[in-house]
Amino acid sequence: MSPEPRNADTATSSCSAEQRRASPVWHPYAHLKTQAPAPRVVGGEGPRFTLDSGESLLDATCSWWCMIHGYRHPRLVHAIQEQADTLCHVMLGGLTHDPADQLARELVRITPDGLNHVFYSDSGSVGMEVAMKMAVQYQYLRGQPEKHRMLSLMKAYHGDTAGCMAVCDPEEGMHSLFAGFLPQHYFAPAPTASFDADAASVQADLDALRAVLESHHHEVAALLMEPLLQAAGGLNMTSPAYLRGARELCEEFDVLLILDEVATGFGRTGRMFAAEHADITPDIMVLSKGLTGGYLGHAATLASDRVHDTFIGDSELHAFMHGPTFMGNPLACRVALESLAVFEEDDYLERIANLNRVLCEELVEDDNLHAHPAVADVRVLGATAAIEVHDADSLEGAADFARTQGVWLRSFGRWLYTMPAYITSPEDMRQITEAMKGWFR
C-alpha cells in the first residue's frame, strides 16, 4: 500500500450518494465525513480503465505504481488462467512447487550479484517486516543481541504495518498519532543532494549519516533506505553517490543495508533496480508492486549469502520464525514469471527511456511551468515525474481538472506526480503531462 494524506485530491464520482451509503467498503486514507463518492471501475485495457458511466481514463499513476503492463495484458491474464487450472494455492511450509522455485531463480538472476536467497510474502509492507526481523535475528545469531534497532531516513515511507510505521518519518509522516504504540528507532537526515550530484556534493549528507552511526551503531541492526527515490515521502530524488557512501558506512559500522525497492524496482528509476545506478549490492532487498505487474499481491525479500548462512545452525533459534499463509502463492509466482518475461522480451527499459525523454521535454524543460509562482520544483527520474508546489492548497481541484482532460491523476500533499504504466505511448504520456501543466495555466 502507498500513502495518500487525508487531504488527497479526489475526483467526482458517477456513483450516487445512495450507492455510496449502501456500500460497506471502507476506503484507504479517506476522511469519512468529507470524502467524495469513489468512481466505480468496471474494466480496463492498456493504460486506461473504464468507469460504469462509460468514461475511459488514462491512468497516470498505474494504480499506486504497480500496473506496469497496464490493464488486461493478454499474456498476464492467460498465465493466471492457466495456473488456476493447475494449482491455485498450497502452503510453502514443508512443501514447494515449480512456480515458486522458478521465480526465485529468476529473481536471483536479475537482481544485483550476491542476492541468492528469496523469502516470499504477500505485500511490500510485509516484505519489509520480514527484512527487519531477518536483520535483528541475524545480529542476534552473531552474538550481538543489543543490535536490535533500525536506522531509517527522514522523509522515508516503508509501509503501514506496525513495524513499518515505526521506521517512517516520525515528524512529517502520517503515523504520528501512533507514536506511543510504536517501537523507537533512529533516524538520519534525508539526503538533500540531487540525483545528478557528484561525490563532493553528497559529502555533507554522508557526514550526517556517519554522525548517527557513530553514536548508535552498537544498537543498530540495519540501515533501511528507499534507494534514489523516496516515493511516498515526497518523491525526493537522491544521488547514486549517496547510495555508494551509505554502503561503505554500513560495512564500516557492521550494519546491514536493506534496500526497499518496492516502488523503485522493475524499472521505475530507469534501471531494472535502483541499486544498479550505484553498482552496489545490499545485504537485503525487498520487492513488490511491479513484481507481478500489479495483477496479484506478492512480495519477495532477497538476502545475501552472508545473511542467509548465519541462519544455518543447530539451535531452535536458527530457524527464521516467519511464514505468511499466502507466501509463494502459485498464481502470484506464475504471473510474476510472465511479467518478467514480458519486461525483457518487449525491452521495457527502452520504453522507460522513451517515457523519460517525454517527461523531461514536457516538464523539466518547460520554462513557463518552472516560472509559475505556485511551483517550487519540477523533477524527473526514469518513469517518474513530480511537480512540487509551495502550498498543498494550490493543488485542490487538480484531479477534477485532469479528469476533464481524460486523465486519472492524484495529488498528495504538495506533489502532483505521474508514475505511468510502461506501455504508455509517447502521445498518451503527453496527454498526461498536458493535464499536469494545464492545471497551472
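Modeller: The C-alpha centres of domain 1 and domain 2 lie 27 Å apart, where domain 1 covers 33-62 + 347-439 and domain 2 covers 74-346, with bounds that come from an automatic or database domain assignment. Across the boundary, 19 residues of domain 1 are in contact with 22 residues of domain 2, contact meaning heavy atoms within 4.5 Å.

This is a predicted model, in which local features need a pLDDT of at least 70 and side-chain atom pairs count only at pLDDT 80 or more, while totals for chains, interfaces and linings use all residues. Residues are numbered from 1 along each chain as its sequence is written, and side-chain values use heavy atoms, with hydrogens and water left out. The pLDDT, which is the predictor's confidence in each residue from 0 to 100, averages 94 for the protein, and 95% of the residues score at least 70. Over residues 5-14, however, the pLDDT is below 50, although this stretch has 37 contacts in the model beyond near neighbours in sequence.

Now to the interior itself. A nonpolar core is a set of buried Ala, Val, Leu, Ile, Met, Phe, Trp, Tyr and Cys residues joined through side-chain atoms within 4.5 Å, and buried means under 20% relative accessible area, with exposed over 50% and partly exposed in between (1.4 Å probe, protein chains only). The largest such core has 134 residues, of which Leu-107 and Phe-266 touch the most other members. Helix 5 (residues 124-141) gives the most to this core, with nine residues; helices (H or I, at least four residues) and strands (E, at least two) are DSSP runs numbered from the N terminus. Because domain 1 and domain 2 both give residues to the core, it lies between them. If we leave out residues up to four places away in sequence, the contacts of Phe-266 include Ile-68, Leu-107, Met-272, Leu-340 and Tyr-422.

Helix 5 also holds Gly-124 and Ser-125. Both are among the positions where an unreviewed UniProt entry places the feature "binding site", and such annotations, given in the numbering used here with shortened feature names, may be inferred rather than shown by experiment. Gly-124 counts as buried at 9% relative accessibility, and, beyond residues up to four places away in sequence, it touches Val-262, Val-286, Ser-288 and Ala-299. Ser-125 is buried too, with a relative accessible area of 9%, and, with neighbours within four places left aside, it is in contact with His-158, Gly-159, Asp-160, Thr-161 and Cys-164.

Finally, the structure holds zero disulfides, a disulfide being a pair of cysteine sulfur atoms within 2.5 Å. The sulfur of Cys-62 has its closest cysteine sulfur in Cys-66, 6.4 Å away, and this is too far for a bond. Cys-62 counts as buried at 1% relative accessibility, and Cys-66 counts as buried at 14%.
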